[in-house]
Amino acid sequence: MRLHLREMTLADTPDVAAIEGSLNAEPWSEALFRGEFDVDPTSRHWLVAELDRELVGFGGMMYATDDAHLMNLGVAPHHHRKGIARALVGALFCHAIARRATGITLEVRTTNAAARKLYADFGLAPVGTRPGYYADGEDALILWAHDIQGPDFADRLGGAMSGSTR
């Protein structure tokens, strides 16, 4: 099986919303994903991942001033642990570098150990929490990577990407 990443299209939103719904108790709706196409396209970047033409993952980045914010990322549960999230994150972070962003931030559930490890592999470090951030009351850990234009982040990105898919 070969992983293929491409730009998300409006036609992808039902599948993206279905994956999101399989992952979260209070997921983004299809209408919310569709609404991303009504926003200034220079302020957003969405990718989808396909395995053998099956849409199996997605990720979206928002740009504000000099920073990039990973808004949402998801992989279909039956495709976890195949390097799909790592490939999506790497591609989104490479896009942020190409856009000349200087930092990347995101929020992650404090209990999501797998995601926290993935983001740490890419050099994101905790800088604080958002108490009760999620609908179920769970806190979010705020992660940042600064100076993503520098050689240290490039090395980290290359290391995190090596061997990313099976």
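Against which elements do the buried residues of α4 pack? In this predicted model, where residues are numbered from 1 along each chain as its sequence is written, local features need pLDDT of at least 70 and side-chain atom pairs count only at pLDDT 80 or more, while totals for chains, interfaces and linings use all residues. Side-chain values use heavy atoms, with hydrogens and water left out.

The buried residues of α4 pack against β4, α3, β5 and β7 (140-146), contact meaning heavy atoms within 4.5 Å. Helices (H or I, at least four residues) and strands (E, at least two) are DSSP runs, numbered from the N terminus. The buried residues in question are A115, L118 and Y119, where buried means under 20% relative accessible area, exposed over 50% and partly exposed in between (1.4 Å probe, protein chains only). These residues lie on the same side of α4 because they cover an arc of only 95° around the axis, the arc being that of the directions from the helix axis to the C-beta atoms. An α-helix has 3.6 residues a turn, so residues three or four places apart point the same way. The face of α4 turned away from the buried side carries the exposed residues A113 and K117. Just after α4, G123 takes a positive phi of about 95°. G123 and D155 are 32 residues apart in sequence and 9.8 Å apart in space, C-alpha to C-alpha. D155 belongs to helix α5 (residues 151-161) and counts as exposed, at 58% relative accessibility.

Strand β4 comes next. Of its 9 residues, 7 are buried, so that β4 is mostly covered. β3 and β4 run antiparallel and are joined by 8 bridges; two strands pair if DSSP finds at least two bridges between them. G57 stands opposite V75 in β4. β4 and β5 run parallel, with 3 bridges between them, and D67 has G103 in β5 as its bridge partner.

Most residues other than glycine have a negative phi, and most peptide bonds are trans. T65 is not a glycine, yet has a positive phi of about 50°. T65 lies in the loop between β3 (54-64) and β4, in a hairpin with 2 residues between the strands, and is exposed, with a relative accessible area of 81%. R100 also has a positive phi, near 70°. The place of R100 is the loop between α3 and β5, and R100 is exposed, with a relative accessible area of 59%.

The pockets complete the picture. On a 1 Å grid over the protein atoms alone, a pocket is an open set of points where a 1.4 Å probe fits, with protein on both sides within 12 Å along at least five of seven lines; lining residues have an atom within 4 Å of a point. Grid points are joined across faces, edges and corners, and a volume is the space filled by probe spheres set on the points. The largest pocket holds about 1,200 Å³ of space. Its lining has 40 residues, with L73, G74, N112, A115 and Y119 nearest the centre. Elements giving two or more residues to this lining are α1 (13-23), β4 (67-75), α3 (84-98), β5 (103-109) and α4 (113-121), and β4 gives the most, with 7 residues. The second largest pocket holds about 160 Å³. Residues lining the second largest pocket include E7, M8, W46 and H95, and strand β2 (residues 44-51) gives the largest share, 3 residues.
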